[in-house]
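Me: I would like to go through this model term by term, asking each time what a word rests on. Please set each value against its definition before you conclude.

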Amino acid sequence: EVNGSFYQPSAFFMVGIPGLEAFHPWISIPFCALYLIALSGNCMILFIIKKTQSLHEPMYYFLSMLAVTDLGLVFCTLPTTLGIFWFNMRRIGFDACLTQMYFIHILSFIESSVLLAMAFDRFIAISHPLRHPSILTKTTVMKIGLAIIVRGMVSLLPIPFLLKRLTYCGKTELSHSFCFHSDIMNLACADIKVNVFYGMIILLSTVGMDFIFIVLSYILIIKTVVSLATKEECLKSLNTCVSHICAVLVFFIPMIGLSMIHRFGKNVPPLINTLVAYTYLIIPPALNPIIYSIKSSHIREALLRALWKK
């Protein structure tokens, strides 16, 4: 659309892995494996928790929220990623790109908040075990889940409109096989200070604060654990947190890396940028079910019982 000096492209063009376009069909094999693991693993987690009455506890309700969020991320990125690798379908409509971007960022923010809620649950369970059932009731967990969703949706609602008001220079090639706010924003030839400022404020006030409170939760957990009488009790308490710590690291390390690259890494090779983005959006949904299946004896035992019945 051209209206005077205002120009908005009808579509953007995505890229797969720069420099390796000829190998996209082969590269799609590990991606398909990761997507299948993410889909089957998270569905299995949801099924096990629903069918096992003993898992109807706050910890596993939050794990269900994490699994649903990971499934959402998979469904957001799978069509465009495999579309490029299999059929070289690089084109995505402008509004479709904004929609995909909005849901990717919402789900990322929700995952961050769910990880914070899980840290709070571990803190209450270790520091106040007798009060844990009365503090985190089923109603309270549902309210926390609703608050997490509303916070993500409301905080990111202005982003698509801030992008639609910009005029674009005619460049339409994105850096990834999915749409990111900073990626679209950098194609504009208008003043993007408002977009940069709002994006940074929202990121710091949501994901940034979540990470800080997760760290504080674990400082308090460690302080409580150290005060326990025996080494065995200390190790047993910390063992309940291992899977959550792994999930936090798997999510936040690539996210922080990608944010740093988008803001300060103008000289970073495109291949590194692409690989970090894939790690951020595809690896956590695939690894989280594996982490919890291995480290949680309750999930593992429920899974074995379900397989034994089959």
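**Terms and the values behind them**

Reply: The chain carries 23 positive and 14 negative side chains, and the centres of the two sets lie 5 Å apart. Here Lys and Arg count as positive and Asp and Glu as negative, with His and the chain ends not counted, and the place of a charge is taken as NZ of Lys, CZ of Arg, CG of Asp or CD of Glu. This is a predicted model, in which local features need pLDDT of at least 70 and side-chain atom pairs count only at pLDDT 80 or more, while totals for chains, interfaces and linings use all residues. Residues are numbered from 1 along each chain as its sequence is written, and side-chain values use heavy atoms, with hydrogens and water left out.

Me: What makes the chain as compact as a globular protein of that length?

Reply: The chain holds 12 helices and four strands, where helices (H or I, at least four residues) and strands (E, at least two) are DSSP runs numbered from the N terminus. Its radius of gyration is 21 Å, close to the 19 Å that the globule rule gives for 310 residues, and therefore the chain is as compact as a globular protein of that length. The radius is taken over C-alpha atoms, and the rule is 2.2 Å times the number of residues to the power 0.38. Along its principal axes, the C-alpha trace spans about 70 × 45 × 35 Å.

Me: Which cysteines form a disulfide, and how do you know that they do?

Reply: A disulfide is counted where a pair of cysteine sulfur atoms lies within 2.5 Å, and the sulfur atoms of Cys97 and Cys179 are 2.0 Å apart, so the pair meets the definition. The structure holds one disulfide. Cys97 lies in helix H3 (residues 94-127), whereas Cys179 lies in the loop between helix H6 (158-164) and helix H7 (181-185), so the pair ties together parts that are 82 residues apart in sequence.

Me: Why is the disulfide of Cys97 and Cys179 called left-handed?

Reply: The torsion about the S-S bond of Cys97 and Cys179 is about -120°, and so the disulfide is left-handed.

Me: Is Cys241 called buried or exposed, and why?

Reply: Buried means under 20% relative accessible area, exposed over 50%, and partly exposed in between (1.4 Å probe, protein chains only). Cys241 has 0% relative accessibility, so it counts as buried. Cys169, by contrast, has a relative accessible area of 42% and is therefore partly exposed. Both Cys97 and Cys179 are buried, and of the 310 residues of the chain, 49% count as buried.

Me: What is said of Asn88, and why is Asn88 placed in its class of exposure?

Reply: Asn88 lies in the loop between H2 and strand S4 (91-93), and it has a positive phi of about 55° although it is not a glycine. Its relative accessibility is 53%, so Asn88 counts as exposed.

Me: What does Ile261 touch, and what does contact mean?

Reply: Contact means heavy atoms within 4.5 Å. Leaving aside neighbours within four places in sequence, Ile261 is in contact with Lys266, Val268, Ile272, Asn273 and Val276. Met65, found in helix H2 (residues 58-87), touches Val114, Val141 and Gly145, not counting residues up to four places away in sequence. For the chain, residues 24 or more positions apart account for 81% of the contacts with a separation of 6 or more.
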